[in-house]
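Trainee: I'm new to this one. Could you take me through a close look at a single part, and then show me what sits around it?

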Amino acid sequence: MEIIHTPSTLDTAATSEQPRPQTESRRDAMPIDLSTYPTEGLFDEMLVRPNRARGYSKHLVKHLRRMNEAELSERQDAADLAIKEMGVTFTVYTEAGAIDRNWPFDIVPRIIPKKEWDVVAKGLKQRVKAINMFIDDLYHEQKIVKDGVFPAEVLADSKNFRPQCVGVNPPLGIWAHICGSDLVRDKDGTLYVLEDNLRVPSGVSYMLENREVTKRVFPELFEDYAPLPVDDYASQLFDTLAALSTRKVKHPEIVVLTPCIYNSAYFEHAYLAQQMGCELVEGRDLLVDEDGIVHMRTVNGPKRVDVIYRRIDDEYMDPEAFHPESMLGVPGLMRAWKEGNVALANAPGAGVADDKVVYAFVPEIIEYYLGQKPIIPNVPTYRCMYKEEREYVLANLDKLVVKPANESGGYGMLMGPMSTEKERKTFARLIRRNPRNYIAQPTLALSTVPTVIDDHLEPRHVDLRPFILSGSKTQVTMGGLTRVALRKGSLIVNSSQGGGSHETWIVEA
């Protein structure tokens with residue numbers, strides 16, 4: 001039986017340790033006012049217009065209206081305290097070093113009707129299937145290149161194409177077993193895929209913990225809604241990984257390989273290992289014998305490993321195959337994988353499709369391999385490698401978002417409307433110097449979600465990262481990690497740059 005801690009229980013515990021200052025009594029506090037909530041020119045996920053809820057959000061809006069500002073602030077404080085007590089953290093790398101911070105979470109859930117989500121899930125499955133076929137083709141016959149659908153020069157200049165993987169046949173023919181595709185909604189309500197994360201996608205643990213925190217601080221909302229569960233993700237992930245084992249045993253040995261405790265996503269590595277009942281290991285905990293068998297060091301001697309869920313980038317996972325100076329990986333791991341003695345998820349080399357220029361060709365990739373039109377479109381994208389598109393980008397830098405091919409976390413971008421003339425001149429030089437390395441997209445007015453700012457609600461821009469598991473079957477999480485730009489007017493949702501998160505609820509409506 002699940003125990004749900006009520007806010008009063010949580011507040012009592014908090015008061016005994018760390019009283020929160022209150023500037024006004026609950027009796028004097030103002031009721032939550034949504035009549036002036038701005039929606040003009042935006043698609044808000046909860047409100048059609050001020051004080052007018054979308055049909056699937058009416059219970060949430062009704063509940064918020066019954067609260068006052070002090071109550072809203074108290075609930076947010078309770079959530080912040082729960083995050084701290086649960087040890088949910090992330091690491092931000094700065095010039096001063098690595099700073100460990102509590103996970104920023106907003107208590108107002110984002111709601112998506114299941115009817116819409118069914119279409120999204122179908123589109124994500126279509127996309128990941130085509131991408132896996134694309135990756136497999138690149139490491140074998142490269143038919144898509146020979147047929148002139150995908151440019152040879154893009155592949156030739158790919159930073160994430162691994163010659164060491166040519167000719168390898170991973171279990172089930174799948175390279176990207178765990179994918180996190182970022183979705184955004186424009187001001188007209190259209191949903192787009194913004195990018196695909198195929199190397200070591202992160203964030204799913206925060207999706208799971210967000211649900212637990214919401215149960216603590218807003219338990220009464222679950223009386224009006226029955227959001228579809230996400231807590232089966234760990235078992236789905238385990239089954240996906242177990243299906244990759246080339247050694248047909250009843251209980252394959254699965255481990256989670258982390259770089260170290262100082263990695264920004266270490267909380268997630270430890271969390272998923274614990275949830276799956278698997279060992280969390282570092283490179284030094286594993287060894288490959290002369291027969292190409294991977295073993296884990298234990299107090300009872302070496303134990304064979306069948307599947308490794310790796311959270312280490314390709315170039316650091318095996319000093320024999322990649323960087324000889326790497327101390328994070330396992331010597332001989334690539335050899336063991338090639339010989340079929342261990343499965344790796346995601347497979348080395350999957351990052352060849354985790355490239356923003358490759359992203360621009362995904363609609364063509366879907367049509368080439370599946371003979372279908374994409375169910376979820378890409379954001380309109382200009383490829384600077386083509387002269388006509390490049391000239392348009394250079395003439396409109398003040399209106400576009402320019403992205404380098406292989407950066408992540410919101411780094412290395414030009415946000416045209418917010419940029420200076422000096423920044424635009426710098427990017428113009430970069431684009432002319434290496435046009436293959438850049439794409440550009442229109443600046444979308446991302447959809448918004450009401451977000452707690454001090455003691456009231458304001459709209460903040462969001463995206464959504466669902467997670468897709470590909471093994472013996474393909475599964476999409478019921479929702480995903482909604483990331484929010486906490487700074488007013490900002491479109492950058494990454495936690496490393498001041499972003500936070502909301503709960504995502506998929507509901508029958």
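Predicted model: local features only at pLDDT ≥ 70, side-chain atom pairs only at ≥ 80, totals over all residues.

Mentor: Cysteine 260, at 21% relative accessibility, counts as partly exposed. As for disulfides, the structure has zero of them. Cysteine 179 is in none, and the nearest cysteine sulfur, which belongs to cysteine 165, is 18 Å away.

Now for the helices. Two packed helices are described by the angle between their axes and the distance between the axes. Take helix 7 (residues 204–217) and helix 10 (residues 266–276): their axes come within 9 Å and cross at roughly 70°. Angles of 65 to 115 degrees count as roughly perpendicular, so that's what helix 7 is to helix 10. On the helix 7 side, the contact is made by Val204, Ser205, Tyr206, Leu208 and Glu209, and these meet Phe267, Glu268, Tyr271 and Leu272 in helix 10.

Strands of a sheet pair through backbone hydrogen bonds, either parallel or antiparallel. Here three strands form an open sheet in the order 10-11-12, with antiparallel pairing. Strand 10 (286–288) and strand 12 (303–304) are the edges, each pairing on one side only. Between strand 10 and strand 11 (residues 294–296) there are three bridges.

Conventions: Residues numbered from 1 in each chain as written. Heavy atoms only, no water. Axes fitted to C-alpha atoms, helices over the stretch in contact; angles between N-to-C directions. Helix = DSSP H or I, 4+ residues; strand = E, 2+ residues; numbered from the N terminus. Parallel < 35°, antiparallel > 145°, perpendicular 65-115°, else oblique. Contact = heavy atoms within 4.5 Å. Pairing = 2+ DSSP bridges. Disulfide = S-S within 2.5 Å. Buried < 20%, exposed > 50% of the residue type's maximum accessible area, 1.4 Å probe, protein only.
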